Amino acid sequence: MKVNLVPKPINFKLGEYINKGFELLKKDFGNIFIAFLICFIMSIIPFCGLLAMGNLYKYLQKLSQNQTASPGDIFDFKDFMPYFMLQLIIFGGVLALYIPFFAVLGLSGALSEGNEPNPMVVTFMFPYFFLMIAAIYYFVLKGFYIVPLISLKGVKEIKEAWNISKIMSQGNLLSIFLFSLIVSILAQVGILACGIGIFLTLPFLYTANYFAFEDAIQQIEYDEITEIGSKNEF
């Protein structure tokens, strides 16, 4: 059955994703915890962090659909190249953001007299860092769906995934930001248990995100065969 994607702004259901994330975590905490640990270990390997995350979402998809799944599925390098290219783009983007700052630091050092800092740096620093943080948040929120598009729908071209994600997140940047903030806070509750408990709560970050991704992808799926069948009924 051929299924196409028709990008459109998503109806973002913040509370539903959080509730479903908790339910899945309670349902199969042991296996999810093991899969999370494997994901954590795999993330230590250079350029494998996003790949491990994407594979974890594949694993959670199988669990939620009652399919046969093994935590060992996290060690799958099939999608390595798309994630490798994505991480290179992220690295290049961050580097580009810092180039003006280092250029001003160098110019300031050349113009400074003795040990006195040049006021130009202070004047430039605050608005620049504000704009840099705003730019980072914008691209992160706009690219919220890139990882699931690669891992759950097999979109291999980063530009295509970015363009689809931009449309999906349209009008939802505040909701996505609030969701990410709330989920991050809940996932770090384990810090209260001498810090060790964070490993018990961090998996929730992934289960909640999975349902946000799964629902969003379902909203943009277009089943051409089903559509033809529904038209024939009329």
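**Salt bridges in the predicted model**

Aspartate 215 and lysine 13 are joined through their side chains by a salt bridge, with an N to O distance of 3.2 Å. Because aspartate 215 belongs to helix H10 (residues 203-220) while lysine 13 sits in the loop between strand S1 (3-5) and helix H1 (14-27), this pair ties together parts that are 202 residues apart in sequence. The model is a predicted one, and the structure holds seven salt bridges.

- Lysine 13, by contrast, counts as partly exposed at 27% relative accessibility.

**A pair within helix H1**
- Glutamate 23 forms a salt bridge with lysine 26, and their closest N and O atoms are 3.3 Å apart.
- Both glutamate 23 and lysine 26 lie in helix H1, where a spacing of three residues corresponds to about one turn of the helix.
- Glutamate 23 is partly exposed, with a relative accessibility of 47%, whereas lysine 26 is exposed at 62%.

**A link between distant parts of the chain**
- The side chains of lysine 153 and glutamate 221 meet in a salt bridge, at 3.0 Å from N to O.
- This pair links distant parts of the chain, 68 residues apart, with lysine 153 in the loop between helix H6 (146-151) and helix H7 (158-168) and glutamate 221 in strand S2 (residues 221-223).
- Lysine 153 is partly exposed, at 27% relative accessible area, and glutamate 221 is also partly exposed, at 35%.

Note on methods: Residues are numbered from 1 along each chain as its sequence is written. This is a predicted model: local features need pLDDT of at least 70, side-chain atom pairs count only at pLDDT 80 or more; totals for chains, interfaces and linings use all residues. Side-chain values use heavy atoms; hydrogens and water are left out. A salt bridge is a side-chain nitrogen of Lys or Arg within 4 Å of a carboxyl oxygen of Asp or Glu. Helices (H or I, at least four residues) and strands (E, at least two) are DSSP runs, numbered from the N terminus. Buried means under 20% relative accessible area, exposed over 50%, partly exposed in between (1.4 Å probe, protein chains only).
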